[in-house]
Amino acid sequence: MQHDEHLIARVITGEEAAFRELYGVFSKNVYNTALSLLQHQEEAEDITQEVFIEIHRSLKTFTFQSSLQTWIYSITVHTCYAHLKKQRSQKRFAFITSLFGLSDKLEHDKPHFEHPGVVLENKEHASVLFKALSKLPIPQQTAFTLVKIEGLSYREAAQVMSVTESALESLMSRALKNLRSWLSEYYKINFDTGAGNLSFWLLM
Amino acid sequence: MEAVLNSIDGIKQAEPSPFLFGKLMYRIAQQVPSINYYPTRILVRYALALLLLAGINIGSVIAVKQYKTPVAEEQTGINHLAKEYFNTNQDILWY
């Protein structure tokens, strides 16, 4: 905490080395949270820049009501929220205009996302999991990302999302339920398709 | 299904691009105006707006003055007619 206070004081005075140090400590957390939520490397980098610009602008207003890490995660989550909401509403609008023939552009789903930090043998499963995550409501997706991927405790994640611990537990419970439901549907469809193909070749 | 849910166990943090900090500092520098920054465009626009306002005010003052004279003449004309009609030498106030 004392180290954080000293670092913040140096950043506020405009010391670039101090800001570089702050960036070095927290950039991975910010980038990885954005990467897990947005599932796109370039967008995650853009969000990382937005977050640190906001930190640079607002650091003098930070009053240590929470830890510096929690505050930075909070800015990251809110920046990602705004970006995700805009993306989802653009997707809905494009879908509606394509129904009426008002737009030639067809909004495609993003290609399967592969997180660079996933162990090789888990890559395929992780890709399916991230696809399932992208279908969750944003608060559930955020709760899951903060707890399961970023490794925050329920208390820390609740502080980041400005909710109570019990609200966060509820979000996690619903997220897991929805994930299981989506995954069972996904594997049922794929299993049926695979079994159908196998039967065809056996008959041949 | 459990395998899928557990596939992110042991996930490592990805590294952002090494050039990201440089891009960030460039953007921050662009946002902070330098000490000798004079927003010329803004000053010119304000000056034009003030000139326009002054022009409108001066124009309206001139227009009001011009408009007043015929009214005064009319009043004099009406006064003359009223004196004849009422057979009096006193000026009649119409306002």
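Author: Buried means under 20% relative accessible area, exposed over 50% and partly exposed in between, with a 1.4 Å probe and protein chains only. The model is predicted, so local features need pLDDT of at least 70 and side-chain atom pairs pLDDT 80 or more, while totals for chains, interfaces and linings use all residues. Residues are numbered from 1 along each chain as its sequence is written, chains are lettered from A and ligands numbered from 1 in the order written, and side-chain values use heavy atoms, without hydrogens and water.

Reader: Is Gln39(A) buried or exposed?

Author: Gln39(A) is buried, at a relative accessible area of 12%. Its phi is positive, about 55°, although Gln39(A) is not a glycine.

Reader: Where is Gln39(A) placed?

Author: Gln39(A) lies in the loop between helix H2 (16–38) and helix H3 (41–58) of chain A. Helices (H or I, at least four residues) and strands (E, at least two) are DSSP runs, numbered from the N terminus.

Reader: And Ser162(A), buried or exposed?

Author: Ser162(A) counts as exposed, with 57% relative accessibility. Ser162(A) is not a glycine either, and its phi is positive, near 55°. The loop that holds Ser162(A) runs between helix H7 (154–161) and helix H8 (165–203) of chain A.

Reader: Changing topic: what is Ser127(A) in contact with, leaving aside neighbours within four places in sequence?

Author: With those neighbours set aside, Ser127(A) is in contact (heavy atoms within 4.5 Å) with His112(A) and Phe113(A). Ser127(A) belongs to helix H5 (residues 123–134) of chain A and is buried, at 6% relative accessibility.

Reader: Now the interface. How many residues does the contact take from each chain?

Author: The contact takes 38 residues from chain A and 24 residues from chain B.

Reader: What area is buried between chain B and chain A?

Author: About 2900 Å², with carbon and sulfur atoms giving 68%. Buried area is the accessible area (1.4 Å probe) that two parts lose on being put together, summed over both.

Reader: How many salt bridges does the rule find across the interface?

Author: The rule finds three between chain B and chain A, each a side-chain nitrogen of Lys or Arg within 4 Å of a carboxyl oxygen of Asp or Glu. One of the salt bridges joins Glu50(A) to Arg27(B), with the closest N and O atoms 2.9 Å apart.

Reader: Which helices of chain B each supply at least two residues of the side that touches chain A?

Author: Helix H1 (2–5) and helix H2 (20–31) of chain B do. H2(B) gives the most to that side, with eight residues.
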